[in-house]
Amino acid sequence: MGESTDAMAQETFTFQTEVGRLLDIVAHSLYSHKEIFLRELISNASDACDRLRYAAITDPNLIVGETEFKIRLDVDKDARTLRLSDNGIGMNHQDLIETLGTIARSGTQAFVSQLTGDAKKDVALIGQFGVGFYSAFMVAEKIEVLTRKAGEDKAWLWISDGRSQFTIDEASRDGCGTTVTVHLNEDGEEFTEQARLHAIVKKYSDHIGFPILMEKDDKPETLNAASSLWTRPKKDITPDQYKEFYHHVGHTFDDPWLTLHNALEGVLSYTSLLFVPSAPAFDLFHPDRKSHVKLYVKRVFITDDCEGLLPAYLRFLRGIVDSEDLPLNISRETFQHDPRLAKMRTGLVKRVLDELAKKAKGAPEEYDNFWTNFGAVLKEGVYEDFENRDRILDICRFRSTAGEALTSLDAYVERMKEGQDTIYFISGEQAEALSRSPQLEGFKAKGVEVLLLTDPIDEFWVPAVGAYKDKRFKSAAGAGADLGKIAGGEEKGKTEEAESEDTAGMDTLLAALKLALGETVKDVRVSERLTDSPVCLVAGEGDMDMYLERMLKQHRQLDSSMITARILEVNAGHPLIKQLAAMAAEGDGAGEALGDAAHLLFDQARIVEGETVSDPIAFSRRLASVMEKGLAAWERRAT
Ligand code: ADP
Ligand code: MG
């Protein structure tokens, strides 16, 4: 930085550890699109202009002198430098330390947290995330940031070689804004070619709403279209331009799956340019459930997260909404209560849901992919948005026992069996494991389809909705599955012989099991839903779903004293149960063996549910004892 700076005033800082790791990768990056650093710097300059323009609405004094926002690009071939200046909001000392010394942006934070240490993989990740300002170190041996914040007198010079430290000096600058000077390294030499720079700006930054100027033959030339992309007619915008805008506005790096560009004129006039990403963002399930659609008023950027503009269940959307009606001179907070905002929201939601419905119908495979990415979020709307509940339910998709493919509720209803008047579901963590649940055996035997619900939100919307087109939702793991009413399949579960021969024994067995298990079960009864497994647990009528209970327990929302006792169902046709029934019928001396069997069966049913055994020590003692007896019998037979 030369001797000219005042050594007294200079401060030296060390980059936050995460930034250090990031810079390390950036420096050794084999990244093939080094040119994207320019997009990142321009994007920052544009954001800075947006922010000052907004701040100046309430405080016009912030803008002194030059009133046109612009971004300037200068190259010095001899010095091998590239300089990008904006007259945006600028940064003060504190801002510099907070933003260019740490990882302020959650996106970059997520990037760093995914770093593996394996250079190849990590470099591939950069492509997916983009690393903002720091990407300039791919092409730089040194970067200087000269900046002055709007409304402040002092300017600051930030300098770093992108290794481990940066310095900050007091400096001076005409007017507010930021000038980033990139001292290009050998790899970066190409970025002193004016034609190359022009092409890069055209490719990545054409949509930027402020002019990007470069001096050519002593005349400033505007390199980009310099009008906000969404204000241009749709037919004049190429898919690539939409894509680049999406990257800029959403801080995303995938391709948009859906692009919805719409201008409305009428009682309310607004333009929306919304994107549905093709990949889920890292923070999709962050508890703040923040929207990522920016609000503009008459082309002026207002806010990134306008609460009330879109419902939380559409938080996967990226893009902008530009209103002609909202007043410019009110605070961000006031917007939330403006009835016009609520009206826009209604219109936007309708538009998005309509487009999704079109895709669901016209391009089911693409839609399934969308659903896999965002279905769990969209389903929150079934629970939260009463007005649009039916529209959302129509475009919900589910895994089911009918096969690998996702199904809609309508398609499920069409496949319902004669006599079936309910939509059966079972909930748990994993579709694959769920489909093998003992509770589903009887359903399978009859060919009755069961939806496999694996998203936590399912536990909330299903009870809230109750029914779809007059067909009630019913848990296949709950009481009264009413399988008897449904036609079809051989009745493998209820074997007639069991009923005729051993009813007496079975009744005694049920009584013995009940006696042994006491309060731990609500009831013990013969199952109509088991065909292969000896036992399973089901929830009693009106009792909390077993999966929900387990979830709440995991999240410590439920203490163990509130756990509901379950019904133990036994498969009367199963050889083990038959033998136990015979034993129970004989009476004398069977007491202890039946007691052990009762607990083992109960624990087995719990294990299948994904629960732990209630008393591991007693469990292992009983298991050992039963195995011992089994082996003794085997030995007797062998000799
Ligand atoms: P992002 O733009 O996604 O926030 P960056 O790494 O690109 O992440 O930039 C980090 C931060 O540095 C920005 O959020 C902003 O606060 C600040 N910054 C960068 N460039 C400028 C600029 N030209 N003017 C004002 N602030 C800037
Ligand atoms: Mg940026």
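The lining of the second largest cavity splits into one nonpolar, four polar and two charged residues (Ala, Val, Leu, Ile, Met, Phe, Trp, Tyr, Cys and Pro count as nonpolar, Asp, Glu, Lys and Arg as charged, the others, Gly among them, as polar). This is a predicted model, where local features need pLDDT of at least 70 and side-chain atom pairs 80 or more, while totals for chains, interfaces and linings use all residues. Residues are numbered from 1 along each chain as its sequence is written, and side-chain values use heavy atoms, without hydrogens and water.

On a 1 Å grid over the protein atoms alone, a cavity is a set of points where a 1.4 Å probe fits but cannot get out, a pocket is an open set with protein on both sides within 12 Å along at least five of seven lines, and lining residues have an atom within 4 Å of a point. A volume is the space filled by probe spheres set on the points, joined across faces, edges and corners.

| Space | Volume | Domains giving at least three lining residues each |
|---|---|---|
| Second largest cavity | about 50 Å³ | domain 1 (2-225), domain 2 (231-364) |
| Second largest pocket | about 500 Å³ | domain 3 (397-485), domain 4 (501-638) |

Those domain bounds come from an automatic or database assignment. In the cavity, α2 gives the most, with three residues (helices, H or I, at least four residues, and strands, E, at least two, are DSSP runs numbered from the N terminus).

As for the pocket, Phe 425, Phe 473, Lys 474, Ser 475 and Asp 543 sit closest to its centre, out of 22 lining residues.

Conventions
Chains are lettered from A and ligands numbered from 1 in the order in which they are written.
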